[in-house]
Amino acid sequence: MSVHDRTPELGATRQERKQRTRQALLDAALELLEEQSFSSLSLRQVTRTAGIVPTAFYRHFEDMEELGLVLIDESFRTLRAMIRAARADRRTYEHVIPNSVEILVGYVHEHHTHFRFIARERFGGVASLRHAIRAEIRLFASDLATDLARFPPLERWSTEDLQLLAGLMVNAMVSTAEAILDAPPEDPAAEADIIATAKRQLRMIVLGVPAWRSSQ
């Protein structure tokens with residue numbers, strides 16, 4: 001590493017400083033999105049909150065739309081990995097349900113700003129963000145369908161029916177995340193009801209699995 005790449009006052013490389021500034025822009029956008037929609041968010045608001053000059057924004061993102069798409073990717077990437085780990089349970093798909101719900105709820109609490117952004121923009125005014133969120137949810141369902149295919153009797157199901165089942169489960173989990181966000185924080189009983197309902201919904205979905213005759 002060249003000594004010219006490291007500033008004595010900061011003790012950081014140019015790349016490290018660039019990454020910090022990029023993350024500061026993402027964090028600033030999320031902070032502002034707690035109170036407003038993405039379509040009303042301006043570049044100047046984001047840079048002012050991040051503490052940088054507006055022209056510096058373009059060293060990190062082509063435009064505000066790209067920043068929004070990065071936020072969507074950031075919001076889903078870690079959650080997908082966590083849910084995938086829950087689905088690694090090798091017993092039955094019924095055992096995966098409570099694990100997945102508990103992981104989802106914990107993640108919503110830890111990353112509530114990301115989820116509030118996703119919940120608002122899922123039906124928001126910026127088309128590219130809506131499409132990106134739907135694509136991420138479809139990818140989520142596709143991952144789940146692949147995992148479900150290893151369980152009997154699901155191993156005999158058609159790809160189309162597996163995707164349908166996974167879509168029902170993922171939509172239930174997305175609705176659960178949105179309900180958790182809207183629950184009064186001072187009322188833990190309300191959240192407990194949401195979690196219990198989510199588990200019942202998912203169990204109700206899988207109850208029909210043994211009776212379903214998938215057409216190959």
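Helices are taken here as DSSP runs of at least four residues, numbered from the N terminus. On this basis the predicted model contains eight helices and zero strands, and the order along the sequence reads α-α-α-α-α-α-α-α. Of the 216 residues of the protein, 44% are classed as buried. Among contacts between residues at least 6 apart in sequence, 65% link residues at least 24 apart.

The mean pLDDT of the protein is 86, with 88% of residues at 70 or more. By element, helix α2 (residues 43-50) has the highest mean, 97, and helix α4 (residues 93-110) the lowest, 78. Over residues 1-9 the pLDDT stays under 50, and the model has 13 contacts for this segment beyond four places in sequence. Where pLDDT is low, predicted coordinates should not be read in detail.

The largest pocket has a volume of about 190 Å³. Helices α4, α5, α7 and α8 each contribute at least two residues to the lining of this pocket. The lining consists of V108, H109, H112, R116, I180, L181, A183, P184, P185, D187, P188 and E191.

Rolling a probe the size of a water molecule over the atoms shows where empty space is left. Two cavities of 30 Å³ or more are present in the structure, and the volume of the largest cavity is about 160 Å³. This cavity is lined by 14 residues, of which F76, L79, F115, M173 and V174 are the closest to its centre. Helices α3, α5, α6 and α7 each supply at least two residues of the lining of the largest cavity. The greatest contribution to that lining, six residues, comes from α7.

The largest nonpolar core comprises 61 residues, and those with the most contacts inside it are F38, V46, L67, F117 and L148. At least two residues of this core come from each of α1 (14-33), α2, α3 (64-86), α4, α5 (112-121), α6 (127-148), α7 (159-182) and α8 (188-207). Helix α7 provides the largest share of the core, with eleven residues. Residues up to four places away in sequence aside, F117 touches L30, L33, F38, G68, L71, I72, S75 and L129. One of these partners, F38, is likewise among the core residues with the most contacts. In α2, the buried residues include L43, Q45, V46 and T47. Just after α2, G51 adopts a positive phi of about 80 degrees.

Aromatic contacts were considered next. A pair of aromatic rings is described by the distance of the centres and the angle of the planes. Four aromatic pairs are found in a search of the whole structure. One of them joins F57 and F61, with 5.6 Å from centre to centre and 40 degrees between the planes, and is tilted. F57 has a relative accessible area of 0% and is therefore buried. F61, at 1%, is therefore buried as well. The centres of the Y107 and F115 rings lie 5.8 Å apart and their planes meet at 75 degrees, so this pair is edge-to-face, the angle being over 60 degrees. Both Y107 and F115 are buried. F115 is also one of the residues closest to the centre of the largest cavity. F57, Y58 and F61 together make up one aromatic cluster.

A further position of interest is S128, which lies in helix α6. Beyond its neighbours within four places in sequence, S128 makes contact with E65 and L69. S128 and E65 are 63 residues apart along the chain, and their C-alpha atoms are separated by 7.7 Å.

Conventions: Residues numbered from 1 in each chain as written. Predicted model: local features only at pLDDT ≥ 70, side-chain atom pairs only at ≥ 80, totals over all residues. Heavy atoms only, no water. pLDDT = per-residue confidence, 0-100. Contact = heavy atoms within 4.5 Å. Phe/Tyr/Trp six-rings, centres within 6.5 Å; stacked < 30°, edge-to-face > 60°. Buried < 20%, exposed > 50% of the residue type's maximum accessible area, 1.4 Å probe, protein only. Core = buried A, V, L, I, M, F, W, Y, C linked by side-chain atoms within 4.5 Å. 1 Å grid on protein atoms, 1.4 Å probe; cavity = no way out; pocket = protein on both sides within 12 Å on 5 of 7 lines; lining within 4 Å. Points joined across faces, edges and corners; volume = space filled by probe spheres on them.
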